[in-house]
Amino acid sequence: MQAWLESIHARARSRLGSGRVASYIPALAEQDPERLGFAVCTNDGTLYAAGDAETPFSIQSIAKVLLLTLALRVHGEALWQRVGLNPSGMPFNSLAQLEAERGKPRNPFINAGAIAVTDRLVSAFATPDKHLQDVARRLAGNARILIDDEVLDSEWQHRSRNAAMAYLMKAFGNLDNDVDEVLRTYFSCCALAMSCTDLAVAMNFLAADGEARAMGERFVSPGLTRRINAIMATCGMYDAAGDFAYRVGLPAKSGVGGGIVAVVPGRMTVCAWSPALDDNGNSVAAQYALELFAEELDPAGI
Ligand code: DON
């Protein structure tokens with residue numbers, strides 16, 4: 001397995017130089033586009049890593065999976081009154097459907113949807129971002145996971161588009177809490193800094209019927225795990241969800257920090273990271289690494 005991962009890493013390096021580092025959040029524009037990390041966590045707890053797998057990066061939209069998981073634990077099926085369950089076929093930061101669909105975002109993985117989910121957590125917890133950080137630490141078994149304040153401030157300074165979505169939802173009655181508080185909480189969660197190994201371990205509950213090995217307990221039920229994986233498979237890669245499903249065929253979630261987490265249900269989680277993105281906001285080299293991984297997983301007999 002280790003030699004195979006090294007070979008995937010080496011071949012995915014050929015894609016470095018394609019794509020562009022996210023610049024609409026200025027703090028992210030400083031990332032080195034030559035970085036490439038890859039990590040696998042199998043359901044028996046074995047961890048494999050290649051390249052820059054230990055370097056913390058901004059998890060960005062990958063946080064939407066944790067936000068959704070916490071909101072479903074607290075609110076259950078009632079959450080779906082606030083946010084939909086279908087792919088948007090639109091960029092992650094689009095406002096177009098939100099007006100037409102009366103302030104109910106298409107799904108929890110586009111920005112508007114994650115902001116609506118964050119509002120539910122602001123109603124439920126005194127400090128939801130600290131709670132999410134604590135959960136991320138316990139899921140990853142790493143107490144050093146931090147919120148990157150520079151990224152948080154940068155997102156706050158350049159929040160116009162997300163603020164527009166939040167105010168539109170507020171106007172339609174789909175946001176209960178103060179807009180600024182919801183946005184700050186959302187940015188704070190997106191600004192968590194985690195490495196490929198952190199994420200592969202933390203998200204392993206999605207491959208293990210909800211059992212969080214590092215936490216030493218069941219985090220969510222098998223049924224909820226299956227549903228979260230289904231939403232990742234249909235909505236996790238935005239308007240490229242269909243292309244990614246065809247090429248890789250695994251439930252996955254990307255972030256504009258360049259990370260992508262993918263789940264092989266019943267077997268393992270994998271995280272790839274490289275900062276340069278394609279036009280949909282998905283990392284070019286990380287997607288390619290996952291494509292190689294998925295293609296060769298069964299022939300390699302792993
Ligand atoms: O709100 C934003 O735009 C960012 N915090 C997250 C966007 C993101 O990661 C989209 N993913 N590809």
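In this predicted model, Asn111 counts as buried because 22 C-beta neighbours sit inside 10 Å, and 20 or more is enough for that label. Asn111 belongs to helix α5, which covers residues 111-124. Leaving aside residues up to four places away in sequence, Asn111 touches Phe92, Asn93, Asn162 and Met165.

One of those contacts, Asn162, is worth a look of its own. Asn162 is part of helix α8 (residues 160-171), and with 23 C-beta neighbours inside 10 Å it is buried as well.

As for the model itself, the residues around the ligand include Asn111 and Asn162, along with Gln60, Ser61, Phe92, Asn93, Glu155, Cys190, Ser254, Gly255, Val256 and Gly281. Sorted by class, this shell comes out as eight polar, three nonpolar and one charged residues.

Then there is the sheet. Five strands make up an open, antiparallel sheet, ordered β3-β2-β11-β10-β9. Its edges are β3 (47-51) and β9 (252-254), each pairing on one side only. From one strand to the next, the twist averages 10 degrees. Within the sheet, β10 (residues 259-264) and β11 (residues 268-273) share six bridges in the antiparallel sense, and Gly259 has Trp273 of β11 as its bridge partner. Helix α1 (residues 2-12) lies across β2 (37-42) and β3, at about 30 degrees to β3.

Technical notes. Residues numbered from 1 in each chain as written. Predicted model: local features only at pLDDT ≥ 70, side-chain atom pairs only at ≥ 80, totals over all residues. Helix = DSSP H or I, 4+ residues; strand = E, 2+ residues; numbered from the N terminus. Buried ≥ 20, exposed ≤ 12 C-beta atoms within 10 Å, placed from the backbone. Contact = placed C-beta atoms within 7 Å. Near = placed C-beta within 6 Å. Nonpolar A, V, L, I, M, F, W, Y, C, P; charged D, E, K, R; others polar. Pairing = 2+ DSSP bridges. Axes fitted to C-alpha atoms, helices over the stretch in contact; angles between N-to-C directions.
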